[in-house]
Amino acid sequence: MKVTVVGAGAVGATCADNIARAALCQELVLLDIKEGLAEGKAQDMMQTAALLGFDTRIVGSTNDYAKTAGSDVVVITSGLPRKPGMTREELIGTNAGIVKGVAENILKHSPDAIIIVISNPMDTMTYLTLTATGLPKNRIIGMGGTLDSARFKYQLSQHLGCSAGDLNALVIGGHGDTTMIPLIRFATWNSVPVTEYLSADQQKQIVADTMVGGATLTKLIGTSAWYAPGAAGAALVKSIVRDEKKLFTCCVSLDGEYGQKDICLGVPVVIGKNGWEKIIDFSLNDEEQTLFNKSADAVRSMNDVLKT
Ligand code: NAI
């Protein structure tokens, strides 16, 4: 098994580190446009192999796509991150050019790869990757809802005083501060709805804090987060390479599911060796469906920027 991570910055390197530590592949390529960065980080990570006991061979590459040849999975993290006060949407102009170029180069050497898109604005970058490459839709997966759902579980665990690992909770919709939809009605703690334990005010607070989860970290750190985004990318890689068929919220191409078409948006999907294998179409109530439609409208107007 071979995995490539494009972008050796904060998210890409963390994702690669998680992939190596879990020994998810025999060969891992880390590629970046910045001279020496990927080689340096790959060597640094390889020097943890003796300490952590993994056998994955990590290769660094400065924009040499030949090294990525034959990758089974490719994670795209290349592009600008947001700074405090910026929205993910403001990154569109620069990142669209980067992501499109990267996807084309990748496919020249790995025509069968499954592509995970992390670069922001992620919903639009996923749609761009799908339309620019013409790949079968199951092979293009946007990572946003996986992270947002982990952040939702974190917020719930803080209020419930429980382990985040014991929670089931999903955030669907767009990967934006105002477009994501934490589905508190469906969240459970050991199979019991969390709404049984939380007041209406607590529920509102948890949803609000989840939605600004990324912005809160950007304010604290001065740039966007990387530990949870990197781990979320690696969790998707794991479900693909081990064919785990786990359920994650991912940004995928919709063809009528949740009432939407010609858009990539976050919905619950089964992730396995074929990429995203199945969309789980929960039945939303009127309020949730209205929010989902609004989220789709916002993402669609961002996608329209690509056409101008
Ligand atoms: P970073 O600035 O640390 O790393 C980005 C890397 O991309 C840099 O090393 C840069 O040299 C490289 N790069 C730029 N153009 C490239 C090209 N054409 N080919 C190869 N490499 C290129 O940024 P960070 O924090 O790693 O974030 C990366 C992206 O991921 C950003 O767009 C950020 O907004 C996004 N992000 C998405 C999340 C999600 O949930 N979808 C969560 C966190 C970040």
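Let's start with His-175, which sits in the loop between strand E8 (171–173) and strand E9 (180–182); strands here are DSSP runs of at least two residues and helices of at least four, numbered from the N terminus. Keep in mind that this is a predicted model, where local features need pLDDT of at least 70, side-chain atom pairs count only at pLDDT 80 or more, and totals for chains, interfaces and linings use all residues. Residues are numbered from 1 along each chain as its sequence is written.

The unreviewed UniProt entry annotates His-175 as "active site", and such annotations may be inferred rather than shown by experiment. Is His-175 buried or exposed? His-175 is buried, because 30 other C-beta atoms lie within 10 Å; the cut-offs are 20 or more for buried, 12 or fewer for exposed, and partly exposed in between, with C-beta atoms placed from the backbone. Setting aside residues up to four places away in sequence, His-175 touches several residues, including Arg-88, Asp-123 and Cys-251. Contact means that the C-beta atoms lie within 7 Å.

Now to the "binding site" annotation from that record, which covers Arg-82, Arg-88, Asn-120 and Arg-151. Arg-82 lies in the loop between strand E4 (73–76) and helix H4 (92–109). With 18 C-beta neighbours inside 10 Å, Arg-82 is partly exposed. Beyond its neighbours within four places in sequence, Arg-82 contacts Arg-88 and Asn-120, among others.

Arg-151, in turn, belongs to helix H6 (residues 145–160). Arg-151 is buried, with 25 other C-beta atoms within 10 Å. Not counting residues up to four places away in sequence, Arg-151 touches Thr-210, Gly-213 and Ala-228.

Methods: Contact = placed C-beta atoms within 7 Å.
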